[in-house]
Amino acid sequence: MSAVEIRDLTVWFGDGDERTDAVKSATMVVEEGESFGLVGESGSGKSTVLRAITGLVPTWEGTIRVMGQPLGRRRDRTFYKTVQMVFQDPYASLHPRMTVDAVLSEVLGLHGFRDVDARIDKLLRDVGLGPGFRFRYPHQLSGGQRQRVAIARALAPEPRILLLDEPTSALDVSVQAEILNLLTDLRAEHKLTYIMVSHDLGVVGHMCGRVAVMQHGEIVEELGVTDMREMRTRHPYTKHLLESALRSVR
Amino acid sequence: MSMTEPSTLRAWLLAEEPTSRRQARAASLYQGWLTLRGNWLSMIGLAILAFLVLCAIFAPLLATDNPFAQDLANRLKPPGWEGHIFGTDSLGRDIYSRLLYGARISLYIVLLVAMVAPLVGLIIGTIAGYVGGWTDTILMRITDIFLAFPRLVLALAFVAALGAGIENAVLAISLTAWPPYARIARAETLTIRSSDYIAAIRLQGAGPVRIVTRHIWPLCISSLIVRVTLDMAGIILTAAGLGFLGLGAQPPSPEWGAMISEGRKYILDYWWVATIPGLAIFAISLAFNLLGDGLRDVLDPKGGE
């Protein structure tokens, strides 16, 4: 069974004359346990795909199936227990007035867990934060620590699928590597399925098995990571993207 | 009492790694207090307010005379006359004692308005901002209608309809004071609702009521508190204005605005009758403004660093 299946997904913003299609009939299938990358330049609609899956953008048509279940306009609790998301900017994704403890206990409470204290300790340990971080406010944490808290929040309902919206692009390079390693470890440990959005081909090459390339809201090519490394591309845009990535490394 | 106790309490409050919810909350309050204490103008404001609150509480002990006792033989005596620190008014009542009892009325008005108006504004503003669409349009047009009237005129109309008196004055001031709070709360909500942390809690399955009350209100409340303290002066002046026009507190009541109103007739020959309560209103307004300024620095959620 595929974890996420998207067929002919079109997502738009605005109505009538002002309507712009951010994603145009995109189709992709992500198998369970897979790590799938979505790459493209900014404005190519890759984050919008994630937001449509989670229901944050209600204006979409087409078919989205999660674990075989087709999704409607509304998402229910079981959906949020299956799919979670980590946001791009850890400075914006934590409530400034809530301690780590408050954030995690609220989430655990929403999902009906009883053993909140034990679970918070375990979640913090899982993401590499000690119990000393439990009662801190976001402004007392560094960017990397905040992102770890955000990952702990996403892991709290024990999801099967994690959507990662450029989880490292707002962090320092050294911290980026730590977070990526953490995500790799967590995937192995919890048998998670990842859909990762990134404009950084290096990150995607490190994390993902398969990659879809997006341009102007369309998926122009889908390829394995080995093909990507060896520059075996069919679409000229993919080639262009890879070449510019290589140039920037040199 | 050992000397080490305060320092361990301090260490407990300033701990890098709080170990309980209670400690984390106490620590953040203490940090706020330290910031506020650094602003000496705010501390002056706080001191004046504390002084006024104490005066209001202990008015029966501090007063030298009965504030309602008339002594027509000693009317309009200057400050310092035979134990009347601030002199006597047109009916020979001791102004100092009336001022003390008047502090009770002023603080009563301020507290009631401060509890009603921002709360109404907060509820209407956050609902309008979060729900959006038609709800937003309807609620904000109602707000506009209230804003379009000059405040004192609207309050006058309410008092005229409800009848003169201190409770109705409070109600009228509250009804005219909430629209700005609704506007602020709505504007804050619009920026907050599109933020990632609201999206994150929505993805945990939180409903709109929980999001508005648990996640949006705490962020709006700080700017509303600041706005309330800055508006306090205006509220007191409106209350005094209503008193002055004879629509607020009714005579013998020693409300400060009403006292100025009584002194107006003698302002050229007996300046103190109107000036002393005027100075009291000035002091309380200034104190609230100074405190509000400092609270803004403490409560601003963006300046949490």
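Helix axes are lines fitted to C-alpha atoms over the stretch in contact, and angles run from 0 to 180 degrees between N-to-C directions. Helices are DSSP runs (H or I, at least four residues), numbered from the N terminus. The model is predicted: local features need pLDDT of at least 70, side-chain atom pairs count only at pLDDT 80 or more, and totals for chains, interfaces and linings use all residues. Side-chain values use heavy atoms, with hydrogens and water left out, residues are numbered from 1 along each chain as its sequence is written, and chains are lettered from A and ligands numbered from 1 in the order in which they are written.

α5(B) and α6(B) pack at an angle of about 145 degrees. Their axes lie 7 Å apart. The crossing of α5(B) past α6(B) is left-handed (the near helix is turned anticlockwise from the far one by less than a right angle). Contact means heavy atoms within 4.5 Å. On the α5(B) side, the contact involves Ile124(B), Gly125(B), Ile127(B), Ala128(B), Gly129(B) and Val131(B). These meet Gly133(B), Thr135(B), Asp136(B), Leu139(B), Met140(B) and Thr143(B) of α6(B). By class, the contact has 6 nonpolar, 5 polar and 1 charged residues. Here Ala, Val, Leu, Ile, Met, Phe, Trp, Tyr, Cys and Pro count as nonpolar, Asp, Glu, Lys and Arg as charged, and the others, Gly among them, as polar.

Helix α6(B) comprises 16 residues, 133-148. At 1.5 Å a residue, it should span 22 Å (1.5 Å times one less than the number of residues). Its end C-alpha atoms are 22 Å apart, in agreement. Asp136(B), Met140(B) and Thr143(B) are buried in this helix (under 20% relative accessible area; exposed is over 50%, partly exposed in between; 1.4 Å probe, protein chains only). They cover an arc of only 55 degrees around the axis, so they sit on the same side of α6(B). The arc is that of the directions from the helix axis to the C-beta atoms. An α-helix has 3.6 residues a turn, so residues three or four places apart point the same way. The cover over the buried residues of α6(B) includes α5 (95-131) and α8 (166-193) of chain B. The face turned away from the buried side carries exposed Trp134(B), Ile145(B) and Ala148(B).

Two further buried residues were examined. Leu36(B) lies in α2 (residues 21-38) of chain B. Its relative accessibility is 8%. Leu36(B) touches Ser42(B), Met43(B), Gly294(B), Leu295(B) and Val298(B), not counting residues up to four places away in sequence. The C-alpha atoms of Leu36(B) and Arg296(B) are separated by 9.4 Å, though 260 residues apart along the chain. Asp196(B), in α9 (residues 196-202) of chain B, has a relative accessible area of 15%.

Key: Helices (H or I, at least four residues) and strands (E, at least two) are DSSP runs, numbered from the N terminus.
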